[in-house]
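Welcome! Please open the structure in your viewer and keep the selection panel at hand. We will go from stop to stop together.

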Amino acid sequence: MSNFQVIDGTIGAGQAIDANSDTLNARLGQRVQAKDMADTDYGIGEFIYLKGLDSTAVGTAVTFNSSSFQTALAVANAKGQIAFAMSACVTGEYGWYQIFGKCVSKVLTGFASGNVPYLTSTAGSLDDAVVAGDAVDGAVSVSAIATPSAGLALISVSYPTVSDESN
């Protein structure tokens, strides 16, 4: 798996990118840049520190409130900013979520490379089946399902959002 290390000189990042904690180890909403130092070589990414919620696993797609920094599982018809969990960060915990770069996402069966991902009725998971209004803007799949592992795929994200509006 990946091994992101903070590279932007941020002071107070205080918690590993792939860790969750019941202790607040950074400012809520703090953003950091980090580079994957593992063989996976996902490159440089940007991460935001948010509050967790139950049913969160690595790669879970969430929406987040930019005032309270609370997350919600991303589901069909949602609106707002999207981020991807770097750990199993549940209610009462805090963790880093990816908002830029190559990241891992939970996806549904048949997910293919080279497509725009869409929100689904399966909370926290994406699919490449077209659903009006549920396109994740600022994202494209770069692998099919099962890369890097079962139920996951790699996607490239650039501050993704969803508007629940047909294009």
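**Before we start**

This is a predicted model, in which local features need pLDDT of at least 70 and side-chain atom pairs count only at pLDDT 80 or more, while totals for chains, interfaces and linings use all residues. Residues are numbered from 1 along each chain as its sequence is written, and side-chain values use heavy atoms, with hydrogens and water left out.

**Stop 1: the whole protein**

Show everything as a cartoon. You will find 12 strands and zero helices; helices (H or I, at least four residues) and strands (E, at least two) are DSSP runs, numbered from the N terminus. Along its principal axes, the C-alpha trace spans about 40 × 35 × 25 Å. The radius of gyration is 15 Å, which agrees with the value near 15 Å for a compact globule of 167 residues; this radius is taken over C-alpha atoms, and the globule rule is 2.2 Å times the number of residues to the power 0.38.

Of the 167 residues, 46% count as buried, where buried means under 20% relative accessible area, exposed over 50%, and partly exposed in between (1.4 Å probe, protein chains only).

**Stop 2**

Select residues 31-36, which make up strand β3. Its covered face holds Val32, Ala34 and Asp36, and its uncovered face holds Arg31, Gln33 and Lys35. In a regular strand the side chains alternate between the two faces of the sheet.

Which strands run beside β3? Strand β1 (residues 4-6) is antiparallel to β3 and joined to it by three bridges; two strands pair if DSSP finds at least two bridges between them. Look for Phe4, which stands opposite Asp36. Strand β4 (residues 44-51) is also antiparallel to β3, with five bridges between them, and here Arg31 faces Ile48.

**Stop 3: a pair of rings**

The whole structure has four aromatic pairs; rings of Phe, Tyr and Trp (its six-membered ring) pair if their centres lie within 6.5 Å, and planes under 30 degrees apart count as stacked, over 60 as edge-to-face and the rest as tilted. The ring centres of Phe4 and Phe47 are 4.9 Å apart and their planes are at 65 degrees, so this pair is edge-to-face. Phe4 belongs to strand β1 and Phe47 to strand β4, 43 residues apart, and the pair links distant parts of the chain. Phe4 is buried at 7% relative accessibility, and Phe47 is buried at 0%. For another group of rings, select Tyr49, Tyr94 and Trp96, which form one aromatic cluster.

**Stop 4: the cores**

Next, select Ile82, Phe84, Leu119, Leu126, Val136, Ile155 and Val157. These touch the most other members of the largest nonpolar core, which has 16 residues; a nonpolar core is a set of buried Ala, Val, Leu, Ile, Met, Phe, Trp, Tyr and Cys residues joined through side-chain atoms within 4.5 Å. The elements that give two or more residues to this core are β7 (80-85) and β12 (152-162), and β12 gives the most, with four residues. Apart from this core lies another, of 14 residues, and Phe4, Val32, Tyr94 and Val104 are among them.

**Stop 5**

Go to Gln98 in strand β8 (residues 94-106). Is Gln98 buried or exposed? Gln98 counts as buried, at 1% relative accessibility. Beyond its neighbours within four places in sequence, its contacts (heavy atoms within 4.5 Å) include Phe4, Phe47 and Phe84.

Ser125 sits in the loop between β9 (118-119) and β10 (126-127).

**Stop 6: backbone details in the loops**

Finish with the backbone. Thr147 and Pro148 are joined by a cis peptide bond, with omega about 20 degrees, and Pro148 is in the loop between β11 (137-141) and β12. Phe69, in the loop between β5 (61-64) and β6 (71-73), has a positive phi near 65 degrees. Asn77, in the loop between β6 and β7, has a positive phi near 75 degrees.
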